Amino acid sequence: MRQASMRSRLILGFGLLTVPLVIVLLWNNLYATRVVHSQVAQSNRNMLTIYMNDMDQVLGEIENFLYKTAEQDQSLISLSQYDKNSWEYYLSTTQTVNELDLNTNYYDAADMLFAYSSKYEELFVAPQQSVSYDRKQLIQDKLMQMLKDPAQARNSKWSLVELNGEYALLRIVDTNYDSYIGAWVDLNRLMEPMRKLGQFGNDGGKGEALLMSGDGNPISGVGDSIGNALEKVDFTQYLDNGNSAYNIVKLDKPYLLVAKRSRMADMDLLLLLPERTLLEGLPFFRNLTYLIPMLAAIMLVLYLLFLQNSIVKPIHQLIKGMRKIRSGDLSVRMADNKLVEFISLKETFNGMAQQIEHLKIDIYEEQIRTQRAELKHLQAQIHPHFFMNSLNIVYQLAQIKDYEVIQNMSLHLVRYFRYTTRTQVSTITIKEEVEHIYHYLSIQKYRFPETLAFEFEVDPLVELTEVPPLIIQPIVENAMVHGFSIRTGTPFSIKVKIAPAPNDPEGELLIEVSDNGKGIDPEQKDALALKVHELEPGNGSLGLWNVVRRCRLYFKSTVRMTFEDADPQGTHITLQLPRSKAS
């Protein structure tokens with residue numbers, strides 16, 4: 001069965017309504033005022049619901065960002081964890097401020113995003129560009145005053161804050177690590193979209209739209225015409241309680257009041273419409289009721305022509321454009337139209353299509369930049385842990401004047417640290433990585449000349465395979481830290497073997513590190529295998545987790561690390577990697 005089109009339904013609806021409308025309008029004149037009130041109230045209540053939902057959505061998005069950042073942003077969590085004069089504290093503050101500045105572009109409804117270290121009583125802010133310097137200073141002073149009060153800092157919802165006669169919404173989230181993150185939202189600026197689109201306010205001529213607190217006080221700007229009258233009325237009885245669609249309020253003149261409650265904060269959005277303006281055209285429509293039967297035929301023809309040219313055709317163009325966007329053609333644009341509504345719709349649709357087209361590109365580029373930045377950050381986290389021990393060996397060798405060994409030791413150290421400090425390099429070959437491990441183990445050999453032995457077995461076919469730097473050293477370090485023990489007789493031995501995977505020599509690479517040390521308990525081995533593959537680092541085994549994480553970012557594919565018992569004793573760790581990046 002063919003579905004009815006909008007054109008046929010409009011024609012049918014017009015015909016069905018014309019005859020009954022004459023009778024209904026005659027009877028409806030007695031209730032005209034009430035109908036006008038109800039219809040206007042319902043229409044504006046729907047509009048208020050849309051605007052309030054938009055406001056609540058904006059506040060909800062900001063609140064979700066605050067919770068997510070408080071739980072996951074390590075730089076924010078670390079604000080109160082380091083000494084104020086330390087390099088780590090400087091990095092944490094810098095990264096926190098940069099993150100806040102970046103997110104002010106995404107959450108432009110927030111006049112200011114801020115972070116606070118309660119330990120050092122230091123506040124970091126990221127205001128919008130529209131916030132003046134003086135206004136910024138006033139907000140900062142107010143925030144410092146409130147954040148020093150633990151009761152206010154731990155408020156679990158959006159709260160109203162008064163500053164020099166103006167109100168704002170404040171949300172503070174505790175990280176539970178002596179640091180906080182929050183947002184400051186100016187209510188007057190939050191109301192600007194509604195006033196611009198609906199023309200409410202001093203010059204709009206449609207009445208007044210304002211925000212009212214739960215105790216009945218205005219918390220957004222209002223026109224001078226009713227500003228003084230508002231103070232004389234108790235608005236708590238008119239706030240949205242779900243019992244009444246509208247109320248008539250007498251200020252300087254009667255107003256129709258419609259209210260909508262916010263889900264996010266203790267406030268209501270109110271719309272005050274002059275009652276006289278709503279009833280101005282009522283006598284004219286009463287007389288027009290008697291002419292409707294004679295004008296019905298003429299109006300039907302004109303109505304159909306109007307619908308075809310002014311509404312149906314532009315809507316069909318809009319539907320056609322939306323289908324093209326759904327199919328992936330983001331270059332589609334709506335044609336010009338003479339109606340103001342469709343001009344606004346055209347501008348909105350064309351702007352939306354353009355933004356989606358740009359956003360698709362921006363998101364892709366941002367993902368690439370984010371992955372590159374995270375890769376460099378994780379790579380920079382690896383630092384040598386035996387620097388002091390190496391210097392101590394050089395000192396002891398200098399005391400016994402073994403200059404040849406000192407020269408060899410120094411050469412290994414220079415090459416080792418030259419390699420580990422190249423954080424700008426994101427790709428090296430297997431051959432370079434193995435040479436680095438050779439220098440590392442040679443240094444360890446000088447520490448334990450009689451109790452340490454090592455060997456390498458590298459397939460020549462994989463020597464030029466590219467991998468992220470410093471992925472083998474953490475595994476070897478793990479063997480030294482957890483498996484090494486000074487023994488008599490058989491020395492502690494480490495073997496590094498690198499070769500193509502037997503089941504997929506062209507596609508996968510195996511890096512195996514085995515030792516004859518103390519080994520790992522089965523329970524610890526299973527827990528370690530799970531820990532290194534988690535999305536976030538846990539307590540301990542950060543080096544092995546770091547290896548898996550960086551390899552995943554680099555290859556954009558599955559990376560596996562397994563733990564087994566070596567024969568006859570010790571531990572055997574296998575890192576399975578792709579031989580090339582995923583396209």
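**Exercise 1.** Find which residues of helix 4 are buried, and where they sit around the axis.

Step 1. Buried means under 20% relative accessible area and exposed over 50%, with a 1.4 Å probe and protein chains only. On that basis, helix 4 buries Y89, S92, T93, T96, L100, N103 and T104.

Step 2. Look down the axis: these residues cover an arc of only 115 degrees, so they are on the same side of helix 4. The arc is taken from the directions from the helix axis to the C-beta atoms.

A word on the model: it is predicted, so local features need pLDDT of at least 70 and side-chain atom pairs count only at pLDDT 80 or more, while totals for chains, interfaces and linings use all residues. Numbering runs from 1 along each chain as its sequence is written, and side-chain values use heavy atoms, with hydrogens and water left out.

**Exercise 2.** Work out the order of the five-stranded open sheet and its edges.

Step 1. Strands here are DSSP runs (E, at least two residues), helices are runs of H or I with at least four, and both are numbered from the N terminus. Two strands pair if DSSP finds at least two bridges between them.

Step 2. The order reads 11-13-14-16-15, with mixed pairing. Strand 11 (452–458) and strand 15 (560–565) are the edges, each pairing on one side only.

Step 3. Zoom in on strand 13 (residues 492–501) and strand 14 (residues 504–515): they run antiparallel, joined by eight bridges. A499 has L510 of strand 14 as its bridge partner.
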